[in-house]
Amino acid sequence: MSNFGQKPGPYVVTLATPRPFLEFWVRGEPIPWSVYTKRGGRRILLPDGGHSWEGEPVIHLAMKAWQTQIQAAAIEAMEGRAPLTCMTRVTVRCYRSLPDSAPKTEPARRKWVIKHLKMHPDALNYAKAAEDALEGIIVVNDSQDVEVVGSKGYSLGEPYTIIKVETLE
């Protein structure tokens with residue numbers, strides 16, 4: 001018998017109300033974390049919207065470069081504070097640039113965006129790449145991130161990412 005729709009048992013722990021800690025912006029094209037950075041040899045999305053079969057060297061270097069940008073912005077946002085040791089919620093909102101092939105007028109552009117947002121890469125792969133970059137700067141260890149929220153979209157201007165960190169204790 002299924003317990004779908006029933007209230008959870010007494011073993012559920014409710015986390016504290018989130019408290020804002022910091023929010024910062026990172027300029028540049030977001031690059032997703034991918035298992036292919038370890039395995040290589042798969043078709044990957046490049047920052048310019050193209051694809052490559054190069055695997056590890058191309059995507060790994062692009063992701064590392066983006067993580068370096070995140071780290072620089074995080075260091076600046078921390079203003080010399082020590083990394084957090086408490087539980088955190090991290091929200092990562094990524095806005096990619098529209099490729100030149102995207103329609104220039106509405107409603108065709110809106111239709112194109114809706115179609116392409118449902119494709120790879122997954123929103124949480126962007127969040128994972130960002131979360132890894134925050135380790136040692138905003139949090140001591142990314143295992144403290146008990147809630148990670150990721151979203152993806154397109155920017156009509158330059159690409160950027162917004163990262164918000166909240167404490168849960």
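Val90 has Val165 as its bridge partner in β6, strands being DSSP runs (E, at least two residues) and helices likewise (H or I, at least four residues), both numbered from the N terminus. The model is a predicted one, in which local features require pLDDT of at least 70 and side-chain atom pairs count only at pLDDT 80 or more, whereas totals for chains, interfaces and linings use all residues. Residue numbers start from 1 along each chain as its sequence is written, and side-chain values use heavy atoms, with hydrogens and water left out.

The protein contains four helices and six strands. In order from the N terminus, these elements run β-α-β-β-α-β-α-α-β-β. Of the 169 residues in the protein, 38% are buried, a term applied under 20% relative accessible area, with exposed meaning over 50% and partly exposed in between (1.4 Å probe, protein chains only). Among contacts with a separation of 6 or more, 81% are between residues 24 or more positions apart, a contact being heavy atoms within 4.5 Å.

Four strands form an open sheet with mixed pairing, in the order β1-β6-β4-β5. Its edge strands are β1 (19–27) and β5 (145–155), each of which pairs on one side only. From one strand to the next, the twist averages 15°. Two strands are taken as paired if DSSP finds at least two bridges between them. Strands of a sheet pair through backbone hydrogen bonds, in either the parallel or the antiparallel sense.

Strand β6 (residues 160–167) pairs with β4 (residues 88–97) in the antiparallel sense, over eight bridges. Along this pairing, Thr91 has Lys164 in β6 as its bridge partner, as Val90 has Val165. β1 and β6 also run antiparallel and are joined by eight bridges; here Phe24 stands opposite Ile163 in β6. β6 is largely enclosed by the rest of the structure, because six of its eight residues are buried.

Apart from neighbours within four places in sequence, Thr161 is in contact with Phe24, Trp25, Val26, Pro30, Trp66, Val92, Arg93 and Cys94. Glu166 is also in strand β6; its relative accessibility is 8%, so Glu166 too counts as buried. With neighbours within four places in sequence again set aside, the contacts of Glu166 are Pro18, Arg19, Pro20, Phe21, Met87, Thr88, Arg89 and Thr91.

Helix α4 (residues 123–134) has 12 residues and spans 17 Å from its first C-alpha to its last, close to the expected 16 Å, which is 1.5 Å times one less than the number of residues. The helix lies across β1, β4, β5 and β6 and runs at about 120° to β5. Axes here are lines fitted to C-alpha atoms, for helices over the stretch in contact, and angles run from 0 to 180 degrees between N-to-C directions. The buried residues of α4 are Ala123, Tyr126, Ala127, Ala129, Ala130, Glu131, Ala133 and Leu134. Just after α4, Gly136 adopts a positive phi of about 85°.

Further backbone features occur in loops. Most residues other than glycine have a negative phi, and most peptide bonds are trans. Glu79, in the loop between α2 (56–78) and β4, has a positive phi near 50° although it is not glycine. Glu79 counts as exposed because its relative accessibility is 67%. Glu106 and Pro107 are joined by a cis peptide bond with omega of about 0°, Pro107 being placed in the loop between β4 and α3 (108–117).

A search of the whole structure for disulfides finds zero, the criterion being a pair of cysteine sulfur atoms within 2.5 Å. Cys94 has a relative accessible area of 1% and is therefore buried. Cys86 counts as buried as well, because its relative accessibility is 13%.
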